[in-house]
Every structure is written in structure tokens, then in C-alpha cells.
Amino acid sequence: MSDRQLFTEEGSAEVVAASFDDTPDPRLKQVMTSLVRHLHAFVKDVELTEEEWGSAIDFLTRTGHMSNEVRQEFILLSDVLGVSMLVETINHRTGGTSTESTVLGPFHMVESPRRELGDDINLDRKGTPCLVSGRVTGPDGEPLAGASVDVWQTNEDGFYDVQQPGIQPAGNLRGLFTADADGRFWFRSVVPRYYPIPDDGPVGQLLAATGRHPNRPAHLHFIVAAPGYRPVTTHVFVADSPYLDSDAVFGVKESLIREVPEVDDPARAAEVGLANPFRTLTFDLTLLRADQAPAAAQPAQAQPTVVRGAPS
């Protein structure tokens, strides 16, 4: 008989963790050992009942059944538990030197149509007109000429175009722009609206059972990239939107909130091609250089390891 300890309530985590001692991949061993220790500590802390354990298994099973090629209910579960944002934040630390990132979201499902600077991406003509502009720079303030600026947002009714095929025009409120020689970009759009995440599945039932709402505050999505620099995936949030302090997926960061003031100036409105009055949103973005380690980054050996044979 080996020297390994047998299972007991008190020593459960140590016994199970020891089963991973011969794991060839050191990172996988670290992750599994830590997972077991925390999971067993949780079960002991709440003294999980058999009925609760069965309910949890049923919940996870239904979460898997709800997922398909379009909808990933497990990612939604990760979102509402704040895990998605925590992973995003850990892996994209900025130390205050570049634009903070946030979650990609589930609706970047199609390639954004290429647009010219100044184009109007509001194809369904709903909502409050808004001029969006900004500048892309490097960490020393250098303009990033030719940076790509990919944007997408909801319409006035709080839906993305891919949620309403046949109702919204394809590519509505999406655009892929190229910044000018000074790193500047600008386009015409509408003020986005807050909206609920999908809540007709197990994750929605969890929110309802815990007295939480499913809403996200109004925001525009951005993916900004330039050769030689680290791309950033982020949002800009409308300062007067509801739910800024209770985003269902915890995506709001203070540095990403912007005022969207009204401009009542017929001449300026005519100049930019918008109805008067209109609102303006300015969002400047700073990228780290590709060879520049993010502030307080984890050492290389602590980065996630892909388990061979697992779906990526």
C-alpha cells in the first residue's frame, strides 16, 4: 500500500490535490491543485447539502444545453459572476499607462464593414444623433497613424443588428475605421442605449433568484490596434446611463466613463452632417508598445497553459 493518505473530511483537499503530483505540465498541476483546495474549502464553508449539490449539477447541465454556435451560456455565467472581467483585467494590466480593457461581449459576431472617417454608421435612422471622435496614441503620446478602430453598438431600442436580422440593416451601427496621420478618428452615430443580457436561460434564472437585474449600461465597443503596439478591447460608457454602478457583467471601469454633452448649434450640425441638436462623445485611446511589458504583469510561467486535445 502506498504512503498516500486516504480520504477524510478534514484532509479531503490534500488527498485530492496529491493525485495531481505527477502532472507533467507544471502550470496545469498548479491550476488543478489550487482549484481543488478552493473548491473543497467552499464546500466545507457552506456545508453543501446533497440536494444543493444535485441542483448545482442540474444547473450546469442546463447551462451546457443552452449553449450553441451562437450563444455561449457558460461565458454568460462567467460574466455575471465577474470571472470574465477578472481574467480580462489580470491579463491586461495597464498601471495607468494605457487605455483599460473590458470584456469583448457576445455580439462581435460579424466582420465590421469598412467605413471612411466621418461616415454615418446609423443605418436605421433611429435615436439621438451623436458625433464620436478621438485620437489613438502610443505610451509617449506619439500619434498612431493608420490605427484600426473597430466599433459596434446597440441601436435606440437596445439591440445589436445580429439580434434583429430582417429588422435592422446588416452592419447597422458597426464600422471599421482607419485613423488619419495624426491618429484621429471620427464618425457619426447615435447615443447607445442600456440593454439586458440574454436572461431566458439558467443564467437569467440565477439573476432572478438572487434579486439581480440583467441590464448593462449604455456603451460603445472598441477594438483598437496598430502595428508594433498591443491592441485593446474596451468600451466607452455614457456617463448619464442607468446601471453604471450595477452592470450585470461588471464591465464598467471609472476610466472608461465619458460625458456625452449636447451641442445646440445649427451651423456646427450642418458642418458634421447631423440633425441639430446633437451630442458629442470624445474617447482618446493609448496603446502599449508590443515589446512593452504591461505594468505588474504576471511572470511568463504563470500564464495559462492549453491542455492538449482540449477545444480552444
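Reply: Let us begin with one side chain: Arg 289 is partly exposed because its relative accessibility is 28%, where buried means under 20% relative accessible area, exposed over 50%, and partly exposed in between (1.4 Å probe, protein chains only). The model is predicted, so that local features need pLDDT of at least 70 and side-chain atom pairs count only at pLDDT 80 or more, while totals for chains, interfaces and linings use all residues. Residues are numbered from 1 along each chain as its sequence is written, and side-chain values use heavy atoms, with hydrogens and water left out.

Me: With which residue does Arg 289 form a salt bridge?

Reply: A salt bridge is a side-chain nitrogen of Lys or Arg within 4 Å of a carboxyl oxygen of Asp or Glu. In this model the partner of Arg 289 is Glu 142, and their closest N and O atoms are 3.8 Å apart. Arg 289 lies in the segment after strand S12 (285-286) and Glu 142 in the loop between strand S1 (129-137) and S2, so the pair ties together parts that are 147 residues apart in sequence. Helices (H or I, at least four residues) and strands (E, at least two) are DSSP runs, numbered from the N terminus.

Me: How many salt bridges does the rule give?

Reply: The count comes to 14 salt bridges. One of them joins the side chains of Arg 71 and Asp 200, at 2.6 Å from N to O. This pair also links distant parts of the chain: Arg 71 is in the loop between helix H3 (50-66) and helix H4 (73-80), and Asp 200 is in the loop between S5 and helix H6 (202-209), 129 residues apart. Arg 71 counts as buried at 16% relative accessibility, whereas Asp 200, at 56%, counts as exposed. Arg 71, Glu 73 and Asp 200 are linked in a network of salt bridges.

Me: Where do Arg 268 and Glu 271 lie?

Reply: Both lie in helix H7 (residues 266-272), three residues apart, about one turn of the helix. Arg 268 is partly exposed, with a relative accessible area of 32%, and Glu 271 counts as exposed at 62%.

Me: How should I read a pair of aromatic rings?

Reply: A pair of aromatic rings is described by the distance of the centres and the angle of the planes. Rings of Phe, Tyr and Trp (its six-membered ring) pair if their centres lie within 6.5 Å; planes under 30 degrees apart count as stacked, over 60 as edge-to-face and the rest as tilted. By this rule there are six aromatic pairs. Among them, Tyr 194 and Tyr 243 are edge-to-face, at 5.4 Å centre to centre and 65° between the planes. Tyr 194 is in the loop between strand S4 (184-190) and strand S5 (195-196), and Tyr 243 is in the loop between strand S8 (232-238) and S9, 49 residues apart. Tyr 194 is partly exposed at 27% relative accessible area, and Tyr 243 is partly exposed at 25%. Phe 107, Tyr 160 and Tyr 195 form one aromatic cluster.

Me: How should I read the pairing of strands?

Reply: Strands of a sheet pair through backbone hydrogen bonds, either parallel or antiparallel. Here two strands pair if DSSP finds at least two bridges between them. An open sheet of five strands has the order S3-S2-S7-S8-S9, with mixed pairing. Its edge strands, each pairing on one side only, are S3 (174-178) and S9 (257-258). Six bridges join S2 (residues 148-153) to S7 (residues 219-225), and the two run antiparallel. Gln 153 stands opposite Leu 220 in S7.

Me: Which strands are joined to S11 by bridges, and is S11 mostly covered or exposed?

Reply: Four bridges join S1 to S11, and these run parallel; Ser 133 stands opposite Thr 282 in S11. Two bridges join strand S10 (residues 262-263) to S11, and these run antiparallel; Glu 262 stands opposite Arg 279 in S11. Strand S11 (residues 278-282) is mostly covered, with four of its five residues buried.
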